[in-house]
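Please read it beside the sequence and the model.

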Amino acid sequence: MMRSVLPILTVLAAILVVWYGAAVWLNSAWAYDQAAREGRELTLVDVVNGTMAQERPVLPVPHQVAKGLWDGVAGQKITSKRSLVWHGWVTLSATLLGFAIGTGLGIALAVGIVHNKAMDLSVMPWAIASQTIPILAIAPMVIVVLASLGVTGLLPKAVISAYLSFFPVLVGMVKGLRAPDGMQLDLLKTYNASSAATFWKLRLPASMPYLFASLKVGIAASLVGAIVGELPAGATAGLGARLLSGSYYGQTVQIWAALFAAATLAAVLVMVVGLIERVTLKRMGMAR
Amino acid sequence: MMKDLSSMAAPVIEAQGVGLTFETNDGPVHALKDVNLTIGRGDFVSFIGPSGCGKTTFLRAIAALEHPTEGRLTVNGMTPDKARQARAYGYVFQAAGLYPWRTIAGNVKLPLEIMGFSRAEQEERVQKVLSLVDLEGFGKKFPWQLSGGMQQRASIARALAFDADILLMDEPFGALDEIVRDRLNEELLKLWARTGKTIGFVTHSIPEAVYLSTRIVVMSPRPGRITDVIESTLPRERPLDIRDTPEFIAIAHRVREGLRAGHSYD
């Protein structure tokens, strides 16, 4: 434990040093501007001080972001529209719904690909093509089309989130369901096993490590999808909306606070999936 | 001679003019050509020969994992496919191939689950075959907790679990060291004596073939064919030190001659 703390702190310290340095450098132009307008000369100390607490800095310094985060998380009632917890929950619910849809879709397509020659040849190219289209181009159309059908709120965001997260699950599960080698398949053949039995007894359990690896990628992609889904059509709730309104009004501290909230959320989600992975594989006897 | 007559009476596996040709990009490969062989009930038949001689292909053809392109092959009087559907044989592969997510008992239970045995009968049979291969008390362990030899014994138990009359074994001890292999050979003979199964056994070890078999089928490659069938004169009861007797050495010598005749080691 102690052995890993020191390296982590070292890296963190290095990041903070670079960040403060960059903030001084990027924000100093505004400080010089202000001084020139007031006819003042600035010493180095003045410049540095002038870059630490600006209202709309180009790059907010770490302690400004930390304060923004703290205000957003702990400084508000969690039902308030200024609360990052509330916005985080809005994004999280779309993320989880989208992740569920995407995982289900990815597994279903993978099962089809492994069992059906026609799907094997036809689905994968489309799945790959779907991921080459920028999600930013797709998202507004999904929102608009679904809104014209009367579907608004959580579901359109979940659809965009599922669009991003089904792909890693699909790729991982195709690989996982095909993981059993010829000998293992021959063994089941000697039992005259049906393909359903082969699936439930061999292919599915053998794919579990692959499934969890892709779920970790999938849940992070789901979060990105949900945030992107909040950007178009001027959504008013969610971390994406915080990012958007922050950039409208030049509230860089708010943007960075929302970014950090999103990153923390992603880290927690990946950790939760990792925990479920460990428990499941342990119960299956696949972890030593 | 008596042995041979009984084979005639109850052929379990019968091959007449069996040939098997794989079509490859480099042209046809004759894996088996004109194979004639009758295996009787309770025989222990070893197939020995250099790699590429078709010994594994023939075993797989019996199991309906490959399909002959010529001749006639029957198992229990049926086509191999029908025999497989009737669950006529258990198959043991070179690697134990136990499922890592199942316990030893769970692995042995696998064929029973697929074949739809009742839960109570599954439990009973698992206990029975685990004790048959000397693995009582290991049912709750996972495969990685067992040595390679124990894993292979578990895979034999799995093949025995549904009590098929025929046991097909494809170099089952090939990956094990010689000490473990000797012990498993000895145990396999005991198991054969107790169960009276018909066993087809692929190996590339001359001592193993001579020690285990009632008949040794010597094969040679290009095209894969039978060059000699040797009836063993050894008694059924075989302690390990039988391998030092002149009789054993004589049979081993004949096997070696057969291998040399069929294959010029070019």
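Predicted model: local features only at pLDDT ≥ 70, side-chain atom pairs only at ≥ 80, totals over all residues.

1. The unreviewed UniProt entry carries the annotation "domain: ABC transporter" for residues 13–246 of chain B. Over that stretch, chain B is 33% helix and 28% strand.

2. The six-stranded sheet. In chain B, six strands make an open sheet with mixed pairing, in the order β5-β6-β7-β3-β8-β9. Its edge strands are β5 (89–92) and β9 (225–231) of chain B, each of which pairs on one side only. From one strand to the next, the twist averages 15°.

3. Inside that sheet. Strand β6 (residues 166–170) and strand β7 (residues 198–203) of chain B run parallel and are joined by five bridges. Within this pairing, Leu167(B) is found opposite Ile199(B) of β7(B). Packed on the sheet is helix α9 (residues 246–262) of chain B, which touches β3 (44–48), β8 (215–220) and β9 of chain B. The direction of this helix makes about 170° with that of β9(B).

4. The three-stranded sheet. Chain B also has an open, antiparallel sheet of three strands, ordered β2-β1-β4. At its edges are β2 (27–40) and β4 (70–75) of chain B; each has a single partner strand, so one side of each has no neighbour in the sheet. Here the twist averages 25° from one strand to the next. Strand β1 (residues 11–24) of chain B is joined to β2(B) by 10 bridges, and the two run antiparallel. One residue to look at in this pairing is Val18(B), whose bridge partner in β2(B) is Val35(B).

5. The nonpolar cores. The largest nonpolar core has 131 residues, and those with the most contacts inside it are Phe47(B), Phe58(B), Val210(B), Ile216(B) and Val255(B). Helix α9 (residues 195–230) of chain A supplies the largest share of this core, 12 residues.

6. Surroundings of Phe47(B). What does Phe47(B) contact, leaving aside its neighbours within four places in sequence? Among the residues in contact with Phe47(B) are Leu37(B), Ile39(B), Phe58(B), Leu59(B), Val217(B) and Met219(B). Gly200(B), Phe201(B), Val202(B) and Thr203(B) are also in contact with Phe47(B), and so is Lys55(B).

7. Aromatic pairs. The count over all chains is 13 aromatic pairs. In one of them, Trp19(A) and Phe260(A) have ring centres 5.8 Å apart and planes at 10°, so the pair is stacked. Trp19(A) belongs to helix α1 (residues 2–38) of chain A and Phe260(A) to helix α11 (residues 252–284) of chain A, so this pair ties together parts 241 residues apart in sequence. Trp19(A) counts as buried because its relative accessibility is 15%, under the 20% limit. Phe260(A), at 32%, counts as partly exposed.

8. Trp256(A) is partly exposed, with a relative accessible area of 27%. In chain B, one aromatic cluster is formed by Phe44(B), Phe173(B), Trp192(B) and Phe201(B).

Technical notes. Residues numbered from 1 in each chain as written. Chains lettered and ligands numbered in written order. Heavy atoms only, no water. UniProt positions renumbered as here; feature names shortened; annotations may be inferred. Helix = DSSP H or I, 4+ residues; strand = E, 2+ residues; numbered from the N terminus. Core = buried A, V, L, I, M, F, W, Y, C linked by side-chain atoms within 4.5 Å. Buried < 20%, exposed > 50% of the residue type's maximum accessible area, 1.4 Å probe, protein only. Contact = heavy atoms within 4.5 Å. Pairing = 2+ DSSP bridges. Axes fitted to C-alpha atoms, helices over the stretch in contact; angles between N-to-C directions. Phe/Tyr/Trp six-rings, centres within 6.5 Å; stacked < 30°, edge-to-face > 60°.
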